[in-house]
Amino acid sequence: MPGGKKAESEEAVAKKKYSRRDFLVAGGTVAAVDALIATTPAKAALPAASPAPAEVSYPESKGYLVYDSKKCAGCTTCMLACSLTHHGVQSLSLSRIQIMQDSFGKFPNDLQMAPCRQCVVPVCVQNCPTGAAFVDTKNGNVRRIDSSKCIGCKTCIRMCPQQPHRTVWNHIDNKSIKCDLCLETPYWNEKGGPSGKQACVESCPMKAIKFVTQTPDQTETDGYDVNLRNDHWLNLGLVDNSTVVPPAMAQMAKRPMFKPKPKPKQ
Amino acid sequence: MPGGYTGKILRVNLTNKSISQIPTEKYEEFGGGHGIGSAIFFDLVGDQLPFEAFDPRNLIIMMASPFSGTFMPGSGRCEVQGLAPMLYPIEWFGHSNFGGRFTAQLKYAGWDGIVVEGAASEPVWINIVNDKVTIESANGIWGMDTWDTQEEISRRVMPQLKPGEWAELSDSYTTQVPAVVCCGPAGERKSRLGALLHGPGSQAALCGFGGVFGSKNLKAISAIGTGSVPIADPKAFMDARLWFRQFQWDVDNPREPEKFAGRGYSLISGAPSGGNVTNGSLPLIPARAAACASCPRGCRMRLASADSNEAVCAGTMVVSVRGNQKLTRQGNDMMHKLGLGHWQLMPLQGYVNNLAQRGLLGKGKQIDIDLPFDHRGTFGFWEILLRKIAYREEAGNDMAEGCARFAEKYGLLKEDLSKGVIRLTYWGTQEHYDTQTEVEWGFGSLFGERDLMLHMMANYPLHWMAQSGNPYLTAEEASKLYTDAMVPYNGDPYMIDYGDGPTGIYSDSKIKQVAWVKHYEKFWIGAGGFCGWRWPMCITNNTADRRGPTPHAEPRFWNAVTGKKGTFADYMELGHKIYTLDRAIWNLQGRHRDMEVFPDYIYDQKGRGSILPMVVDGKWTYATGAGRTLDRAKVEDFKTRFYKFEGWNPENSYPTRATLEKMGMKKVADVMQSKGKLG
């Protein structure tokens, strides 16, 4: 057969679809990236956010989700709102925010909230071999995954430094998904994204999730776990320290019925 | 299948260890939850009735609803049905339910419910991981308390699970832990007090289904899934959920906090955490509000001390350790661990003390049990008492038969019940609120099979609003607003007249209220999986006009999830249908109108009263009705008119063929006729 392998034109190479297997059988991220670079001609331009050297900086996201894990009641409404607006179904496994809890545990370690951090250094974007994970510069620099480019290699899932990983496996489509601050929510009548609304923020009955534009502290895991409680919360009797006296209880203590009885005279 | 359903119901036969499916579609007309459960029960064993609760033919039916696993507010309950060993004098086909996340996980695993039949030859538990269902040996688990059981089963189901990480379940993933429901040592010993426990403090406390688990050698059921609940109209569902926010307690900026703030008001306002009554004095134990799946209220708590976690109300207060909240929390935890149902333990422990004071109970006494009464009210006393009941030691063996049967064994029941020494007012379950005044609770229980246990019907929004001393509506305003929501009987304010005048407790208006309560109970609470601490919401302090989401929210959410187009009235009529089916089952068990009578003390002794809206001397006011007794003849007349209203024969309370066929239940009518029970 004339030409053999050489007959594969540069154009054909450029159009080659890389299957999930191409990456998985290569045995990991580095091998997969190498394979992609080695077989991709220069003119078949990779997406702007293709694998890049670690020193490449990315524009910071213009929006973040911060949360108060002591205020969360674990109802999972945020998770279900996330899966509903993005996928049209209600599913904890398809939610891009995860709430984990231990019914038998001790407050505050009985519950963990895990939304995507929109990292300043987005490891998922850095390591995605196809450019499916990218910084959306047209939409507030949100770190997103373009599902049409995702080949399901799970690199972003393996590379996410958070525990649990904030890139989520969609087992229906065999692709990775992640929080896009509700930019792409086909099952919601509201506009999402950094300049719009977020389903988890809007639906949380405890108002334990908040959208902010200021970049949270990246050096500490707790940088996103903030105090969103005010005196109204304390007045429910929900304190995080036994020395705290809710204002309403302090006020009640001033009423006569709560005044200590005078000591009987000796 | 329409949205909300997974399409299949799990059927497990423990006798022959077979596992099969029932297509949900076959029972879709009954909505879900209680409705489908009743229909399945009738189909599988209705023509074999009567038989006993511990007979292997008895079923344990645990049904989810189309709302289960969704963010429908306050729909996280699991309905449990079957013949109920707690109930007296006949083990009526009963229902109990518990909160948490069991039905959510069941739905994510792909099941609309579970039907368990037969009895295993050795202790087992049922393991549901998505589509894979296995019957596992309970070797090493049987004998454990309910907490250890759940921990051990979680470990066996998902040994790969590490807290805070994703775990793989056949190429899909979850961060969640298995949802386990189990019986404790009490249930293993077929105690009629036996509760089902899910989590540390969520009980299915009524009916004694823990004992039925024990009779089947069934220790637990575990469910975990990674699937989805389909939604017919996702956009409409999301819009509805956000619309509903106006009816919730605004945690950051509540309406009129000076009036409604504080945990004491949370019963009415829906403010978080108020269900745990053992962490309200200084110094407070650090805690969070802990919600059941999908609940915007979060009435439970999880504490830094991890005691009384997720328990509420009676689950935090029945075991009362004198002057010590910490030991009270731990005492109630002990009750949960042993799997003792709090709502039966409450009258029983009071009766034990009463009998001891009468010299009838104690070491060497007629009722022989060694209890340290010198230390009554201490943790130590409670521990000894609870263990003797749970493990059936000494006279604890008789107590495990439930309060009514315990009293009956010693020849005390008739007189003590008649005099109100024990207030087992409704089929062996404890009187809850003043039957002579809060009559829809009394009638609703009497015309049911156990304590109504539905606080949001009128008890919280009306009684406790007034009880607060600062009601946000006048009695007249309340009568109008509240009854405006009571479709299809709306427009009759006297439905909530609790006076004893012509428009009051024996009136045709009251008949409509009782019917409304029962129909709402059967469809929205029962078939919809609603929480009785959240629904219905006819009025609320959280809106400017004080109108609640009922009756608009229920069909709006239901239709968005399922794709159906019913009205609130349509679904209430389905509730009527389910109630009539339950009535038919009770009739097949032996229920007759002559049995539906209150104990004598309700007619002969003056009630303590319960502050509620009443018409007194022609004017609406809040009054207590204290000192009232019910009139036997008027109650009997009320029954006659109520049965007619529901389409049942007033002579015997049996549903008529015309009623059953109009409801599409011809086969029920045929079975009733074959048994001589057709009205």
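This report walks through a few parts of a predicted model with chains A and B.

## A covered strand in chain B

Let's start with strand S4 of chain B, which covers residues 78–83. Is this strand mostly covered or mostly open? It's mostly covered, with six of its six residues buried.

One is strand S3(B), residues 60–63, which pairs with S4(B) in the antiparallel sense over three bridges. Look for Met63(B) here: it stands opposite Glu79(B) in S4(B). Another partner is strand S5(B), residues 93–98, which also runs antiparallel to S4(B), and six bridges join these two. In that pairing, Cys78(B) sits opposite Phe98(B). While you have the strands on screen, here's a handy rule: in a regular strand, side chains alternate between the two faces of the sheet.

## Where the two chains meet

Now zoom out to the contact between the chains. How many residues does each chain bring? Chain B brings 64 and chain A brings 56. On the chain B side, five elements each supply at least two residues: strands S10 (172–174), S15 (229–230), S16 (287–290) and S17 (300–303), plus helix H6 (234–243). H6(B) gives the most, with seven residues. Sorted by type, the chain B side that touches chain A has 35 nonpolar, 19 polar and ten charged residues.

Strand S2 of chain A, residues 89–90, runs antiparallel to S15(B), and two bridges join them. If you find Val89(A), its bridge partner in S15(B) is Pro230(B).

## Two helices crossing

Which helix of chain A packs against H6(B)? That's H4(A), residues 77–87. The two helices pack at an angle of about 145 degrees, with their axes 9 Å apart, and H4(A) passes H6(B) in a left-handed crossing.

Up close, Ala81(A), Leu84(A) and Thr85(A) from H4(A) meet Pro234(B), Phe237(B) and Met238(B) from H6(B). The residues of this helix contact split into five nonpolar, one polar and no charged.

## A residue in helix H23

Last stop: Glu636(B), which you'll find in helix H23(B), residues 632–646. Why does Glu636(B) count as partly exposed? Because it has 14 other C-beta atoms within 10 Å, and partly exposed is the class between 12 or fewer (exposed) and 20 or more (buried).

Definitions and conventions. Residues numbered from 1 in each chain as written. Chains lettered and ligands numbered in written order. Predicted model: local features only at pLDDT ≥ 70, side-chain atom pairs only at ≥ 80, totals over all residues. Helix = DSSP H or I, 4+ residues; strand = E, 2+ residues; numbered from the N terminus. Pairing = 2+ DSSP bridges. Contact = placed C-beta atoms within 7 Å. Nonpolar A, V, L, I, M, F, W, Y, C, P; charged D, E, K, R; others polar. Axes fitted to C-alpha atoms, helices over the stretch in contact; angles between N-to-C directions. Left-handed = near helix turned anticlockwise from the far one by under 90°.
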